[in-house]
Amino acid sequence: MTQGRSMPGSARRRLTTAVCGALLCAALAGCGHGGAAASAASTASAGTSASAAPSSAAPSTPEPPPSSAAPATPTPTTATEEATTAPASQEAAQAGGSGASALWGKAYSGTASISVDVYDYCSTDGSRRLAGSQTYSMNSTLHLDRPRTGGDQTENNPFSMLFAAGAPSQAGAVSFWSSSVSTVSSQDLAGNYRDPNLLLTYWDIGWSGGRMDATLTDSHAREAVVLNLLNWPGLLVACRSDLGQMPGGFPHALAAGTTFTGRLDASGASLTARGGTTDGVVQFRFTFSGTPS
């Protein structure tokens with residue numbers, strides 16, 4: 001009886017072995033799941049860090065502070081006005097403080113009242129004689145600008161001057177040029193080389209306190225660039241006025257010593273010219289009254 005209730009020793013050992021094995025497997029399974037969870041948590045954490053990195057680096061440049069985007073104040077405008085007025089003071093200084101630079105760019109229009117004495121050499125002894133006189137008026141303009149520059153030279157006048165009475169081809173027309181730049185030929189009448197950009201100055205101009213005193217000093221006939229002219233008709237046949245005159249007039253070069261003087265300022269011009277031609281055929285004088293145009 002007692003032998004029938006007791007479990008044999010071999011069976012007990014097998015049961016104990018099975019129970020221990022089951023407990024061991026359960027422990028190992030628990031460890032495996034915990035490691036997987038830890039690994040998953042680590043992976044999720046790494047993934048979260050990687051996806052968050054661009055957002056932290058996204059603002060590559062700092063946003064400008066609000067004060068830098070504020071609208072400009074009127075102060076720069078004042079600075080600009082000061083900068084634009086600086087050249088005017090420099091121009092006045094360049095003109096020797098006379099204020100002649102204030103006339104640069106000025107234009108005057110008005111009327112010139114011209115008187116002409118015409119001479120010929122038709123006397124019996126061939127001497128020069130007065131052949132006639134004439135008075136007329138012409139619409140006229142006077143333009144002033146900064147001294148002209150040619151090559152490495154600058155006109156030595158307070159301003160450049162261009163006066164025109166009538167159209168160039170009109171009989172009785174007068175033109176005054178204070179300077180020009182020769183760009184026509186590289187040789188003079190004698191065949192000598194000249195700079196094609198040579199500055200030619202015709203007039204010596206003085207200006208002070210609203211008065212101009214100008215004198216023609218060189219016709220530049222030797223350079224064949226004659227621009228100071230009086231256009232006057234000539235006879236078809238010398239000493240035969242009964243045969244008529246050439247149409248349109250003939251340009252006569254003005255002689256050195258011709259003057260152009262009087263009041264000249266920003267409000268207007270009142271000038272008188274006196275002179276003659278290089279061939280001695282015409283003597284002239286005129287007054288010009290012009291207002292700014």
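## Strand pairing

Two strands count as paired if DSSP finds at least two bridges between them. In this predicted model, strand 10 and strand 13 (residues 259–265) are joined by five bridges and run antiparallel. Within strand 13, threonine 261 stands opposite aspartate 213.

Strands of a sheet pair through backbone hydrogen bonds, and the pairing is either parallel or antiparallel.

## The chain as a whole

The protein chain has three helices and 15 strands. It is made of 293 residues, and 28% of them count as buried. The chain exposes about 17,400 Å², with carbon and sulfur atoms supplying 58% of that area.

How much of the contact count comes from residues 24 or more positions apart? Among contacts with a separation of 6 or more, such residues account for 56%.

Eleven strands form an open sheet with antiparallel pairing, in the order 9-10-13-14-15-1-2-5-6-11-12. Which strands lie at the edges? They are strand 9 (203–208) and strand 12 (250–253), each of which pairs on one side only. From one strand to the next, the twist averages 20 degrees.

Part of this order can be followed through strand 5. Strand 2 (residues 129–145) pairs with strand 5 (residues 160–165) in the antiparallel sense, over six bridges. Here threonine 141 has alanine 164 of strand 5 as its bridge partner. Strand 5 is also joined to strand 6 (residues 174–177) by four bridges, and these two strands run antiparallel. In this pairing, phenylalanine 163 has phenylalanine 176 of strand 6 as its bridge partner. In a regular strand, side chains alternate between the two faces of the sheet.

## The largest pocket

Rolling a probe the size of a water molecule over the atoms shows where empty space is left. The largest pocket has a volume of about 570 Å³. Its lining consists of 23 residues, and those nearest its centre are Val118, Tyr119, Asp120, Pro233 and Leu235.

Which of the elements gives the most? Strand 2 does, with five residues.

## Residues in two loops

The loop between strand 10 (211–216) and strand 11 (229–232) holds glutamate 223. Is glutamate 223 buried or exposed? Its relative accessibility is 10%, and the cut-off for buried is under 20%, so glutamate 223 counts as buried. Leaving out residues up to four places away in sequence, glutamate 223 touches Arg194 and Leu200.

Alanine 224 is found in the loop between strand 10 and strand 11. Its phi is near 60 degrees, a positive value in a residue other than glycine.

A positive phi is also found at cysteine 239, where the angle is near 65 degrees and the residue is again not glycine. Cysteine 239 is placed in the loop between strand 11 and strand 12. Cysteine 239 counts as partly exposed because its relative accessibility is 45%, which falls between the limits of 20% for buried and 50% for exposed.

Technical notes
Residues are numbered from 1 along each chain as its sequence is written. This is a predicted model: local features need pLDDT of at least 70, side-chain atom pairs count only at pLDDT 80 or more; totals for chains, interfaces and linings use all residues. Side-chain values use heavy atoms; hydrogens and water are left out. Buried means under 20% relative accessible area, exposed over 50%, partly exposed in between (1.4 Å probe, protein chains only). Contact means heavy atoms within 4.5 Å. Accessible areas come from the Shrake-Rupley method with a 1.4 Å probe; for residues, only the protein chains shown count as cover. Axes are lines fitted to C-alpha atoms, for helices over the stretch in contact, and angles run from 0 to 180 degrees between N-to-C directions. On a 1 Å grid over the protein atoms alone, a cavity is a set of points where a 1.4 Å probe fits but cannot get out, and a pocket is an open set with protein on both sides within 12 Å along at least five of seven lines; lining residues have an atom within 4 Å of a point. Grid points are joined across faces, edges and corners, and a volume is the space filled by probe spheres set on the points.
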